[in-house]
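Here is a short briefing to read alongside the structure. Take a moment to look the model over, then follow the points below.

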Amino acid sequence: MEQEFYRGLAQRVRDIAEQADPFTRRRLLDLAKRYDAKGSPTARSGVTELPVPRTTPPISTFTGPGEA
């Protein structure tokens, strides 16, 4: 069921891309490819990729004297 949804969504995005300017068309077609990948029968359903962990700590925006 979810696969059909994503395949339909990909087709709608392609239909919109036909009427768009070249820059927007390219981005819409890339989006359609991603929806196709989600809608493929070999796609892992229910599994999401975890973000890559940071290798360095975030830089504080408040540095220097006066920091509490």
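At the start of α2, a side-chain oxygen of Asp21 comes to within 3.2 Å of the backbone nitrogen of Phe23. Please keep in mind that this is a predicted model. With that said, here are the two helices and what lies between them.

**Helix α2**
- The 18 residues of α2 should span 26 Å at 1.5 Å a residue, and its end C-alpha atoms are 25 Å apart, which agrees.
- Leu28, Ala32, Tyr35 and Gly39 are the buried residues of α2.
- Viewed down the axis of α2, these buried residues fall within an arc of 60°, so they line one face of the helix.
- Pro22, Arg26, Arg27, Lys33 and Arg34 are exposed on the other side of α2.

**Helix α1**
- Helix α1 covers residues 2-17 and reaches 23 Å from its first C-alpha to its last, close to the expected 22 Å.
- Its buried residues are Tyr6, Leu9, Ala10, Val13 and Ala17.
- They cover an arc of only 100° around the axis, which puts them on the same side of α1.

**Where the helices meet**
- The buried residues of α1 pack against α2, and α1 is part of what covers the buried residues of α2.
- Leaving aside residues up to four places away in sequence, Tyr6 touches Tyr35, Lys38 and Gly39.

**The nonpolar core**
- The largest nonpolar core has nine residues, including Ala20, Leu28 and Tyr35.
- Each of α1 and α2 supplies at least two residues of this core, and the largest share, five residues, comes from α1.
- In soluble globular proteins, nonpolar side chains tend to be buried together.

Technical notes. Residues are numbered from 1 along each chain as its sequence is written. This is a predicted model: local features need pLDDT of at least 70, side-chain atom pairs count only at pLDDT 80 or more; totals for chains, interfaces and linings use all residues. Side-chain values use heavy atoms; hydrogens and water are left out. Helices (H or I, at least four residues) and strands (E, at least two) are DSSP runs, numbered from the N terminus. The expected span of a helix is 1.5 Å times one less than its number of residues. Buried means under 20% relative accessible area, exposed over 50%, partly exposed in between (1.4 Å probe, protein chains only). The arc is that of the directions from the helix axis to the C-beta atoms. Contact means heavy atoms within 4.5 Å. A nonpolar core is a set of buried Ala, Val, Leu, Ile, Met, Phe, Trp, Tyr and Cys residues joined through side-chain atoms within 4.5 Å. A polar contact is a pair of N or O atoms within 3.5 Å; within protein, one must be able to donate a hydrogen and the other to accept it, and residues adjacent in sequence count only if both atoms are side-chain atoms.
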